[in-house]
Structure formats: C-alpha cells, structure tokens
Amino acid sequence: MRELCLRCLRPKSSCYCSFTKDVDAGIKFIFLMHPKEAKRQRTGTGRLAHLCLPGSEILVGIDFTENAHLNSLLKDSRYYPMLMYPSEDAWNCKKEGFAKALEGKIPLVILIDSTWFCSKKMIRLSKNILALPKISFAALYKSIFTFKREPAEYCVSTIESCYYLIKEMQAANLANKAADPEPLMNTFRQMINFQLSKENDRVEGRITNSHAYDWKYTKKRDIPFESNGQEKV
C-alpha cells in the first residue's frame, strides 16, 4: 500500500505540498464539495486551493440548507457572504456599489466544487446559498486546464477562480495586496504536469491502465510547464 501525505492526500512519491504556499488575501473561502468530487477527486482543484488559502474550509454534501456550520458563517456579522457563480446580476469588482457593500466586512466567498451539472443541483437544493448575492469576474479568463472539457470557454477551475478573484479584488483595493496569489497557479500547473506525465507513461507502457477511460490515451502529450511552474517557451 502506498504511503499517503495526510495533508494533500497524494501518495508521498507525488505529493504537491512542496509547491503550496499560504496566500492570505483577507478573503475567507468556503468550498462546498459534492461527495462524488470528494471521493473521486481526492486532490481536485478545490482541495489544492484549500491547501494555499489560510482559513478556507471544505464542506462535503449536496443540500447545505440545514448545515449548522455554514449557516453560522452566513449569519456572522463579520462577513459579507457571496456565491461565486456566473450570473447577469452577479457582483464584480468593477460594479458600482460593490466596494460600499463590502465596507468593514470580510468577503466570505462560497464556491461549489463539483461538475457543472451537479453544481446546479447543489445550488437549487441549498436554499441558504441560493438567495446569496453572486460574485463573478469583471474580465473573461480562459482555463489552462486545456485537456479537460468544460461546458463553455469562460469556465475555469476552482483553483483558477480563487486566483483570478484575488487578483481582481487586489486591483480594486478590496483584498490584501501584500498576498502573492501565484502559489495557487504554480500548484495547479504542477498538477497538470503530473497528470499529463502519467498519461504519457500509460501510452508508453511504463505503467498499467488504472481507469476505464485510459484506452483513449494513444498519443503522448507535451508537458506545458517547467518544474518551477513557469510556462515552457
């Protein structure tokens, strides 16, 4: 049996913890994780983001309406709670009135960590988050998770959502500018490199297939990032 890292839940031979670093931007992130995501994606991007964000929390479930801990956070007067979700009426850092709404409050950003299909169900069932103000981005971003199919081009991963939100809030003087958000993306790039390298190992027969869909991997993929997380040129 492989020995696991108890922090990132990866085998110690492929632990991501050396790439993580605290990003304390003055925002509290809550990741609502679908049980399938928690079971199947032990180091999905929500968990990786959690490793970099002090004070962040992962709550596992589908319907959070009666979740006592989440409800206590939503009622805590220190926070301004928002649901990270694209919507025509969503706040963003450039919308008039947003800074005033946050004045004196700690942003409490709730992210759904699941597939888009399951996310819609979780939001529909969870009456306590359904009514929350929504927050999205002022700009459009394209995911670097290019080998994973997303439902739309504007969809980005959970860890990228945290990164871009922090960057936008810092630019608007609504988050701690001294916090460097780059460890979020560096950790994500290492995950991408690792997954692609394992695909290549399967193609070349160095390791055996372990998933039903591994038969699809027939061509080697380029590894896009250097070991320090920078994009290869």
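Is glutamate 3 buried or exposed? Glutamate 3 counts as exposed, because its relative accessibility is 54%. Here buried means under 20% relative accessible area, exposed means over 50%, and partly exposed lies in between (1.4 Å probe, protein chains only). The model is predicted: local features need pLDDT of at least 70, side-chain atom pairs count only at pLDDT 80 or more, and totals for chains, interfaces and linings use all residues. Residues are numbered from 1 along each chain as its sequence is written, and side-chain values use heavy atoms, with hydrogens and water left out.

Salt bridges come next. The structure holds four of them. A salt bridge is a side-chain nitrogen of Lys or Arg within 4 Å of a carboxyl oxygen of Asp or Glu. Glutamate 3 takes part in one, with lysine 12 as its partner. The closest N and O atoms of that pair are 3.2 Å apart. Aspartate 76 and arginine 78 form another, at 2.7 Å from N to O. Arginine 78 is partly exposed, with a relative accessible area of 48%.

Lysine 167 and glutamate 182 also form a salt bridge, and their closest N and O atoms lie 4.0 Å apart. This pair links distant parts of the chain. Lysine 167 sits in helix α7 (residues 158-171) and glutamate 182 in helix α8 (residues 182-203), 15 residues apart. Helices (H or I, at least four residues) and strands (E, at least two) are DSSP runs, numbered from the N terminus. Both partners are partly exposed: lysine 167 has 38% relative accessibility, and glutamate 182 has a relative accessible area of 25%.

The loop between α7 and α8 contains lysine 177. Lysine 177 counts as exposed, because its relative accessibility is 55%.

On the α2 side, Thr45, Gly46, Leu48 and Ala49 make the contact (heavy atoms within 4.5 Å). They meet Thr158, Ile159 and Cys162 in α7. The residues of this contact divide into four nonpolar, three polar and no charged. Ala, Val, Leu, Ile, Met, Phe, Trp, Tyr, Cys and Pro count as nonpolar, Asp, Glu, Lys and Arg as charged, and the others, Gly among them, as polar.

Five strands form an open sheet with parallel pairing, in the order β2-β1-β4-β3-β5. Its edge strands are β2 (57-60) and β5 (134-135), each pairing on one side only. Two strands pair if DSSP finds at least two bridges between them. Four bridges join β2 to strand β1 (residues 28-33).

Strand β4 is mostly covered, with seven of its eight residues buried. Six bridges join β4 to β1, and phenylalanine 31 stands opposite leucine 111 in β4. Five bridges join β4 to β3. Here tyrosine 79 stands opposite isoleucine 106 in β4.
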